[in-house]
Amino acid sequence: MIRLIVSIKVNNEKREEFLKVSKALVSESRKEAGCLEYFCIESDLRNFFYIIELWKDEESLAKHNETEHFKKYVPMLDSLKESEIIIEKYLK
């Protein structure tokens, strides 16, 4: 299994747009066969979010990265960030 923790600091003026885009990404990603867990939570630090993912294996994650929804929503999230997005990958 593969766990990803994606940390995103969102621009305050773009917060509502981020919430809509991340909700759509989560909803579509959860439908994928190799997705075991996928959610977005907000830190106690305002406008700082974590997208938490758990994938069955590398193949499932690679397929996810090629989906239409990933290619659509990830660039949108990138445009809403206030600082660099941090991605941590853990193997289980």
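In helix H3, the buried residues are His69, Tyr73, Leu77 and Leu80. Buried here means under 20% relative accessible area, exposed means over 50%, and partly exposed covers the range in between, with a 1.4 Å probe and protein chains only. Helices (H or I, at least four residues) and strands (E, at least two) are DSSP runs, numbered from the N terminus. Viewed down the axis of H3, the buried residues fall within an arc of 55°, so they line one face of the helix; the arc is that of the directions from the helix axis to the C-beta atoms. These buried residues pack against E1, H1, E3 and helix H2 (58-65), where contact means heavy atoms within 4.5 Å.

The model is predicted: local features need pLDDT of at least 70, side-chain atom pairs count only at pLDDT 80 or more, and totals for chains, interfaces and linings use all residues. Residues are numbered from 1 along each chain as its sequence is written, and side-chain values use heavy atoms, with hydrogens and water left out.

The length of H3 can be checked against its residue count. Its 13 residues should span 18 Å at 1.5 Å a residue, and the end C-alpha atoms are 19 Å apart, which agrees. The expected span is 1.5 Å times one less than the number of residues. H1 has 16 residues and reaches 22 Å from its first C-alpha to its last, close to the expected 22 Å.

H1 buries Arg15, Phe18, Val21, Ser22, Leu25, Val26 and Ser29. Around the axis they cover an arc of only 135°, which puts them on the same side of H1. Glu16, Lys20 and Lys23, on the other side of H1, are exposed. The cover over the buried residues of H1 includes E1, E2, E3, H2 and H3.

H2 is the next helix to consider. Its buried residues are Ser60, Leu61 and His64. Down the axis of H2 they fall within an arc of 100°, so they too line one face of the helix. They pack against E1, H1, E2, E3, H3 and strand E4 (86-91). His64 counts as buried at 1% relative accessibility. Leaving aside neighbours within four places in sequence, His64 is in contact with Ser29, Glu32, Tyr38, Glu53, Trp55, His69 and Phe70.

Which residues have the most contacts inside the largest nonpolar core? They are Ile8, Phe18, Tyr38, Ile51 and Leu77, in a core of 18 residues. A nonpolar core is a set of buried Ala, Val, Leu, Ile, Met, Phe, Trp, Tyr and Cys residues joined through side-chain atoms within 4.5 Å. Two or more residues come from each of strand E1 (2-9), helix H1 (15-30), strand E2 (35-42), strand E3 (48-55) and helix H3 (68-80).

Beyond four places in sequence, Ile51 is in contact with Leu4, Ile5, Val6, Ile8, Tyr38, Phe39, Cys40 and Leu77. Ile8 lies in strand E1 and is buried, with a relative accessible area of 1%. With neighbours within four places again left aside, Ile8 is in contact with Phe18, Asn47, Phe48, Phe49, Ile51, Lys81 and Ile85. The C-alpha atoms of Ile8 and Glu59, 51 residues apart along the chain, are separated by 25 Å.

The largest pocket holds about 220 Å³ of space. Of its 15 lining residues, the closest to its centre are Val6, Glu53, Phe70, Val74 and Ile87. E1, E3, H2 and H3 each give two or more residues to the lining. On a 1 Å grid over the protein atoms alone, a pocket is an open set of points where a 1.4 Å probe fits, with protein on both sides within 12 Å along at least five of seven lines; lining residues have an atom within 4 Å of a point. Grid points are joined across faces, edges and corners, and the volume is the space filled by probe spheres set on the points.

The loop between E2 and E3 contains Asn47 and Ser43. Asn47 has a positive phi of about 70° although it is not a glycine, and at 4% relative accessibility it counts as buried. Ser43 counts as buried at 17%. Not counting residues up to four places away in sequence, Ser43 touches Phe48 and Tyr50. The C-alpha atoms of Ser43 and Ile8, 35 residues apart along the chain, are separated by 10.0 Å.
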